[in-house]
Amino acid sequence: METIIVKEEAPIGWIILNRPDKLNAINLKMIDEIWNILRQMENNEKIKVIIFTGNGKAFSAGADISQFKELDPVKAWDFATKGRKLTDYIENYPKPTVAMINGYALGGGLEIALSCDIRIASRNAELGFPEINLGIYPGFGGTQRLVRLVGKGRALELIMLGDRIKADDAEKIGLVNRVVEPLSLEKETKDLAFKLADKPQVALRLIKTVVNHGMDVPISVGLTMESLGWSIAFATEDEKKRVEEFLSKRSK
Ligand SMILES: CCCCC/C=C/C(=O)SCCNC(=O)CCNC(=O)[C@H](O)C(C)(C)COP(=O)(O)OP(=O)(O)OC[C@H]1O[C@@H](n2cnc3c(N)ncnc32)[C@H](O)[C@@H]1OP(=O)(O)O
């Protein structure tokens, strides 16, 4: 791998963006490498949770601006589509995903973090969508995911002004789930990942499907999806075992 470091630390699969001298700017190669490793990890039963992070002082400072010089509208469309397909894949990934935001998470970098299920940020992280300052706007799904996460007013402010915000402010608006001290970032993220890995995996997958797709359809359809998914959970070993355990403890 040229642009990422991959670590298997079962049950965690680490994907570490690795162009530290360029603040982990995302080029086409990185998109391909993340995609390919995610495909492999999908079939690796030992891996139950994926953690994304960055090597060095950034999670990622966004799409690689040096590639923009070569872009005409057709190439820009290809680049954006590749990035957007990747973030769609991450959002709908069959295993839980966590973004461990260790520093700058900007533009396309923040869009990767936004497509993860949970975001934990170091207190010294800075987040934002500075694309407007380049005459563009988020193109890896950010306009749509941000508005769903923080609401229209805050999303427009972030995207239209392009200002970076501190982790604490990101937590206040729900852009990140939790802020921790830099030295505890890895431990807190791993604790969270272990907790997720201990949960029934099929039910987690159903939750992601119902929540993600439920947001795209009328509530009546979302509620029906919820009921269908809920019924499917009764076909799992986890449900049988866990309900049985609960009831047998009560009857003693
Ligand atoms: C085509 C479809 C795109 C779809 C949507 C996505 C769009 C985007 O993501 S556009 C990019 C948005 N991001 C930015 O505009 C951030 C750009 N970076 C910065 O503003 C600053 O680097 C900083 C504030 C994040 C950090 O500043 P500082 O600590 O002073 O570090 P340097 O600026 O010296 O950066 C070190 C090194 O990294 C290179 N670099 C940083 N960001 C990018 C980037 N996004 N693309 C390419 N290269 C980047 C920077 O040029 C420096 O490299 P050298 O000059 O070789 O040392």
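Q: Which backbone atom lies 2.8 Å from a nitrogen atom of the ligand?
A: This is a predicted model, and in it a backbone N or O atom of Ala61 lies 2.8 Å from a nitrogen atom of the ligand.

Q: And how much of the ligand's accessible area does the protein cover?
A: On its own the ligand has 1100 Å² of accessible area, and the protein covers 68% of that.

Q: What about side chains, say Lys22 and Lys57: how far is an N or O atom of each from an oxygen atom of the ligand?
A: For Lys22, a side-chain N or O atom is 2.4 Å from an oxygen atom of the ligand, while for Lys57 the corresponding distance to a ligand oxygen is 2.8 Å.

Q: How many residues surround the ligand, and which are the closest?
A: The ligand is surrounded by 24 residues, of which Lys22, Lys57, Ala61, Ala63 and Gly108 are the closest. By class, that shell has 13 nonpolar, four polar and seven charged residues.

Q: Which element gives the most to the shell?
A: That is α3, with three residues. Both α3, which spans 107-115, and β6, at 104-106, supply at least two residues each of the shell around the ligand.

Q: Switching to pockets, how much space lies in the largest one?
A: The largest pocket holds about 750 Å³ of space. It is lined by 30 residues, and the closest to its centre are Glu91, Cys116, Val211, Asn212 and Met215.

Q: Why does the largest pocket lie between the two domains?
A: Because domain 1 (4-197) and domain 2 (201-251) both give residues to its lining, the largest pocket lies between them. Among the elements that each supply at least two residues of that lining are α2 (73-91), α4 (142-150) and α8 (201-214).

Q: What's the make-up of that lining by class?
A: The lining of the largest pocket has twelve nonpolar, nine polar and nine charged residues.

Q: And the second largest pocket, what is its volume?
A: The second largest pocket has a volume of about 490 Å³. Its lining has 20 residues, with Phe68, Glu131, Ile136, Tyr137 and Gly139 the closest to its centre.

Q: Which helices each supply at least two residues of that lining, and how does it split by class?
A: Helices α2 and α3 each supply at least two residues of the lining of the second largest pocket, and by class that lining has 14 nonpolar, four polar and two charged residues.

How values were computed. Residues numbered from 1 in each chain as written. Predicted model: local features only at pLDDT ≥ 70, side-chain atom pairs only at ≥ 80, totals over all residues. Heavy atoms only, no water. Near = heavy atom within 4 Å. Polar contact = N/O pair within 3.5 Å; in protein donor to acceptor, adjacent residues only side chain to side chain. Areas by Shrake-Rupley, 256 points an atom, 1.4 Å probe, with all protein chains shown as cover. Helix = DSSP H or I, 4+ residues; strand = E, 2+ residues; numbered from the N terminus. Nonpolar A, V, L, I, M, F, W, Y, C, P; charged D, E, K, R; others polar. 1 Å grid on protein atoms, 1.4 Å probe; cavity = no way out; pocket = protein on both sides within 12 Å on 5 of 7 lines; lining within 4 Å. Points joined across faces, edges and corners; volume = space filled by probe spheres on them. Domains from an automatic or database assignment.
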